[in-house]
Amino acid sequence: MSLATSQSTQNANAPLAERLRPQTINEVVGQRHLLGDGKPLANAIKAGVPHSMIFWGPPGVGKTTLARLLAEAFNAEMIGLSAVMAGIKDIREAVERAQLTRDQFGRRTIMFVDEVHRFNKSQQDAFLPHVESGLFTFIGATTENPSFEVISALLSRAQVYVLEALDTDALATMFTRAMAALDAKYLVDADARQLLIDYADGDGRRFLNSIEQLDAAIRSAGSGKVEQVTAEFVQSSLTRARARFDKGGEQFYDLISALHKSVRGSDPDASLYWFCRILEGGADPLYLGRRMIRMASEDIGLADPRALEITLSAVAAYERLGSPEGDLALAEACVFLAVAAKSNAVYTAYKQARKAAAESGTRPVPLRLRNAPTKLMKNLGYGDGYRYAHNEEDGFAAGETYFPDDMKSQRFYEPVDRGMEAKIKEKLDALRERNKT
């Protein structure tokens with residue numbers, strides 16, 4: 001067998017995603033905000049001047065492919081490392097190879113590090129002097145927020161580019177290429193194609209793998225038995241993957257943030273949507289319950305004290321029932337939190353009071369506010385001058401102050417004119433007015 005025949009056979013046996021990997025920058029689908037005319041990477045390629053960069057984006061959007069094509073566009077040697085497998089020894093060997101490439105062949109090197117967020121600080125530090133000296137151009141790829149996962153020294157030397165999930169147009173282009181590569185003799189109707197796109201969820205690799213699985217299912221059915229692929233056939237042949245969700249990662253906290261802000265914004269429909277997105281991603285429902293308890297205290301507070309009660313009851317119901325029965329109780333709490341009157345007055349007051357307590361030192365408790373359970377304490381004046389509020393008019397000791405004697409009275413809690421807090425505000429305003437007389 002000739003070398004050419006062997007390579008041809010090997011390519012034919014490769015996964016569809018590998019066979020359709022773009023061979024030039026022009027073949028890349030998506031990422032027009034980086035590769036379109038006048039955009040950052042297009043400008044760098046046109047100028048022939050590479051710079052260190054970090055590609056941040058979800059899986060299957062072409063981070064590795066783009067790095068390889070940039071190396072070709074800049075006529076550079078590409079050295080690839082995977083942070084999942086590599087260590088300091090591998091980094092040293094890669095640096096030595098870059099030096100050899102420069103010294104013996106006069107070529108520049110692009111050092112590509114996949115999953116760069118998995119390298120610890122010392123491993124990331126190992127690249128710094130060589131990026132600084134220009135020995136190689138650094139390209140890192142990550143699915144995690146570089147702000148948290150990449151050391152600041154490396155971030156300051158590299159431009160961060162955000163790669164986006166592939167949109168419908170990009171996936172439609174990939175679909176056409178896939179059908180040609182598979183030499184498909186069947187038709188895929190519009191609904192089936194859209195379902196495949198929906199299943200991909202912006203992940204090009206997942207999209208092509210699904211098409212390849214579908215093609216295998218059609219071929220196993222026998223020649224001529226499937227002439228048109230319908231949405232029903234897709235559903236019966238493929239298992240839909242969960243939506244992208246990285247528990248504990250950037251996307252996880254983005255979803256939690258969206259839920260919290262939707263509840264705060266009193267939108268029950270958006271709140272339920274994000275709630276279900278998080279559940280679909282595989283989050284622990286009890287974690288959601290804990291976050292909603294926080295929302296009840298932070299964003300609703302005394303505007304509707306039932307919010308905390310209902311949320312606590314929903315969490316207790318879930319602990320008894322589990323999923324899926326208990327999920328509905330949590331969903332009920334989610335909707336109630338969204339439609340409840342909102343107030344962050346207690347939350348704001350708490351933060352101000354904590355700050356004042358931390359800064360005020362250890363001022364003594366006034367004697368009148370101290371208990372006197374022993375004769376000695378009574379003789380020392382504990383409790384002297386205390387006004388028992390229940391014995392005062394309307395149960396209120398007007399004019400009394402309960403702060404330390406050497407500390408000016410402060411006002412932390414300012415109830416809003418919404419829900420139950422409107423009544424609380426009315427009462428407090430009246431009591432504070434009496435304190436002035």
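Modeller: Axes are lines fitted to C-alpha atoms, for helices over the stretch in contact, and angles run from 0 to 180 degrees between N-to-C directions. The model to which this is applied is predicted. Helix α18 (residues 306-321) and α19 pack at about 170°, and their axes are 7 Å apart.

Biologist: Why is α18 called roughly antiparallel to α19?

Modeller: Angles over 145 degrees count as roughly antiparallel. The angle between α18 and α19 is about 170°, and α18 is therefore roughly antiparallel to α19.

Biologist: Which residues of α18 and α19 meet?

Modeller: From α18 come Arg 306, Ala 307, Ile 310, Thr 311, Ala 314, Val 315, Ala 317, Tyr 318 and Leu 321. They meet Glu 325, Gly 326, Asp 327, Ala 329, Leu 330, Ala 333, Phe 336 and Leu 337 of α19. By class, this contact has 12 nonpolar, 2 polar and 3 charged residues.

Biologist: What makes α17 and α19 roughly parallel?

Modeller: The cut-off for roughly parallel is an angle under 35 degrees. Helix α17 (residues 285-300) and helix α19 (residues 325-339) pack at about 20°, with axes 10 Å apart. The two helices are therefore roughly parallel to each other. On the α17 side the contact is made by Pro 285, Gly 289, Met 292, Met 295, Ala 296 and Ile 300, and on the α19 side by Asp 327, Leu 330, Ala 333, Cys 334 and Leu 337. Its classes are 9 nonpolar, 1 polar and 1 charged residues. The crossing of α17 past α19 is left-handed.

Biologist: Which residues of helix α5 are buried, and what do they pack against?

Modeller: Buried means under 20% relative accessible area. In helix α5 (residues 63-73), the buried residues are Lys 63, Thr 65, Leu 66, Ala 67, Leu 69, Leu 70 and Ala 71. They pack against α3 (32-35), α4 (40-47), β1 (53-56), β2 (77-82), β3 (109-114) and β4 (137-142). Just after α5, Asn 75 takes a positive phi of about 55°.

Biologist: How do you know whether the chain is compact or spread out?

Modeller: The chain has 22 helices and 7 strands. Its radius of gyration is 32 Å, whereas the globule rule gives 22 Å for 437 residues; the value is well over the rule, so the chain is more spread out than a compact globule. The C-alpha trace spans about 105 × 60 × 40 Å along its principal axes. Of the 437 residues, 40% count as buried.

Methods
Residues numbered from 1 in each chain as written. Predicted model: local features only at pLDDT ≥ 70, side-chain atom pairs only at ≥ 80, totals over all residues. Heavy atoms only, no water. Helix = DSSP H or I, 4+ residues; strand = E, 2+ residues; numbered from the N terminus. Parallel < 35°, antiparallel > 145°, perpendicular 65-115°, else oblique. Left-handed = near helix turned anticlockwise from the far one by under 90°. Contact = heavy atoms within 4.5 Å. Nonpolar A, V, L, I, M, F, W, Y, C, P; charged D, E, K, R; others polar. Rg over C-alpha atoms; globule rule 2.2 N^0.38 Å. Buried < 20%, exposed > 50% of the residue type's maximum accessible area, 1.4 Å probe, protein only.
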